[in-house]
Number of protein chains: 2
Amino acid sequence: MIRTTTPATRPPRPSATVPGADGRRAVPEAFVRARAAVEPELRRLVGALAPEVRRVVAYHLGFADADGRAITDGGGKAARPALAVLSAEAAGAVRPEEVALPGAVAVELIHNFSLLHDDVMDRDLERRHRPTAWSVFGVGPAIIAGDALQTLAHQVLLAGDERFGRRAGARLAAATARMIAGQGQDLAFESRPEVSYAECLEMSENKTGALLGFATSAGAILAGGDQRLIDGLEAFGVHLGVAYQAVDDLLGLWGSPEVTGKPAGNDLRRGKKTLPTTAALGSGTPAGHRLARLLAAGEVRDEDVAQGLRLIEDAGGRDRAAREADARVAMAVDALDRGRVDGPARRGLLEVATFVVGRDF
Amino acid sequence: MIRTTTPATRPPRPSATVPGADGRRAVPEAFVRARAAVEPELRRLVGALAPEVRRVVAYHLGFADADGRAITDGGGKAARPALAVLSAEAAGAVRPEEVALPGAVAVELIHNFSLLHDDVMDRDLERRHRPTAWSVFGVGPAIIAGDALQTLAHQVLLAGDERFGRRAGARLAAATARMIAGQGQDLAFESRPEVSYAECLEMSENKTGALLGFATSAGAILAGGDQRLIDGLEAFGVHLGVAYQAVDDLLGLWGSPEVTGKPAGNDLRRGKKTLPTTAALGSGTPAGHRLARLLAAGEVRDEDVAQGLRLIEDAGGRDRAAREADARVAMAVDALDRGRVDGPARRGLLEVATFVVGRDF
């Protein structure tokens, strides 16, 4: 059984950082391998885009600065490509990086399409410690850049192997549809007075889980793995995504500013509906009722943030989200058992799971 | 040879409507057949979207009002689906509506995805005589609705027949990539002081031509038509798209407000780079130089619009765009010859061509 370091395994502490999110642990080896395989291909694909689209995409991916000059230290952590490569390994691919490449690239493209559009919709000014693409180039170019990345993801998968590419393409489109539905739910929740924990959970499963489910099964699909394996790997990714989201929600409330790059209690200040908050509001406890009155005003004032966090905790919201993360990691491991995933691929997937649930990615 | 009714065939008249755009001609029979096949499928697909996405999409497509109540008189003219159905007919499909259906639906979805995002980027308030989706539901929901339609288009094609669905999906993705590149060029032109006629033509070929090229070949691909036929049909669609764009540009300058729904000279007032304008600016004539000075200020004042239109005309911009439309229609017809398209499918395609070049669709 995987050892998780989510908050439920420690005594609750107000305003503490979420354990495991200290930024000091080493990156799993699978990330390094996957990034080495994916990055040259991503750079090649981006280089072939029309110049007007390319400059925005290259900036967003950390390949170039705002003036188009090449920079080398950019790029994300390649968690999704790593899952895709491990998934090909689970299906017995001799050269997993090669077999999984179209899936690994496609999932990274879809992920970045969603980030580009999310930043426009949320009017976020910063991403990966740099100004967001829309704030540098404008809303229109950022929308177009996101659109182009979605298209490119489909092109990449359909350019691959005849039979498996189509199957992978169909599953990518289905996962993307769920991700977009989740974004729609997330956005709609902002203007709804009441959102239940179950609705918030479903939104997380769509918005974050579906694409991780694709990542974790894409390599096996492309390697021609059997259906039981593919389904098990996909379920692993979906549960892992929800676990990640639960931890992310906890960080958005109790994460220290040094780790999250945002002021403590940031999500509460913005009145965001998250797993801890909706759990507290639906708890039927006195603290839950007091929280509802505090949030009824919309945004929470700075001087009320500490009280709000205490109310969520007293109403059991923090604990429930932490238990959700633990339960989802356990469900992810069960899914690997059902898919009969073992050997180095299993160890690699569990290492990634421990890593991504423990910290931001 | 097809008889065109583009402006070059008539003596130039200042501020006249473009002939054929009087809204009185009958809709080609292929439109009616295609719409009857496509609309129920579109309604079914939209009905299966997540509620938060569905309400925006249903409104945009004219299936529902802003409150989600069903309305029946909505929907576009189905020019693209008609081209897809005729393309299956050209490949000898016995039931062309059925064979072409995934392609006809996918192209309509991609087209509407681009409209949703274009309206956000241009901040346009009206589309098809109704408030635009973003102006009713907000920017975020409109972006998400567009994203969802792009994804759905890929799902539709990959859910179809094993071999041809993949081929059609790959060509749809390639056409969509060109369309998005064209949108990027169009947007970038706004903030560039000089844009050549050749650049404007390339932009039109990407933005409008590529997707019409897919529409006109999709049915033949899905029907398993040979490569010569597919290529000929695709070229027909691309040229038709440029011809349509040239006429649209002429309407944006000289179209009467009753036809375009916009004030006369609207594109000039906004300083938009179009085929007539860039042709005039690049003409090297005295009128072209005077036009450049008039446009140097950015937006054109109401009292200068009539003068600006006259300068474009005196510099030969109106005539060049009109000749481009004629030439492109001729090239489209040549492409049908090369693809050996004949019989009722050829007649249907020519009827659609005459219709779409003559009026807005």
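**Exercise 1. Is Arg128(A) buried or partly exposed?**

Solution. Start with the cut-offs: buried means under 20% relative accessible area, exposed over 50%, and partly exposed in between (1.4 Å probe, protein chains only). Arg128(A) has 33% relative accessibility, so it counts as partly exposed. Next, the backbone: Arg128(A) is not a glycine, yet its phi is positive, about 50°. Finally, find its place: Arg128(A) lies in the loop between strand 1 (126–127) and strand 2 (130–131) of chain A. Strands here are DSSP runs (E, at least two residues), numbered from the N terminus.

A word on the model: it is predicted, local features need pLDDT of at least 70, side-chain atom pairs count only at pLDDT 80 or more, and totals for chains, interfaces and linings use all residues. Residues are numbered from 1 along each chain as its sequence is written, chains are lettered from A in the order in which they are written, and side-chain values use heavy atoms, with hydrogens and water left out.

**Exercise 2. Which residues have the most contacts inside the largest nonpolar core?**

Solution. A nonpolar core is a set of buried Ala, Val, Leu, Ile, Met, Phe, Trp, Tyr and Cys residues joined through side-chain atoms within 4.5 Å. The largest one has 230 residues, and Phe236(A) and Phe236(B) have the most contacts inside it. Now look around Phe236(A): leaving out residues up to four places away in sequence, it touches (heavy atoms within 4.5 Å) several residues, including Leu83(A), Thr216(A) and Leu350(A).

**Exercise 3. How many disulfides are found over all chains?**

Solution. Look for pairs of cysteine sulfur atoms within 2.5 Å. The search of the whole structure gives zero disulfides.

Conventions:
Helix = DSSP H or I, 4+ residues; strand = E, 2+ residues; numbered from the N terminus.
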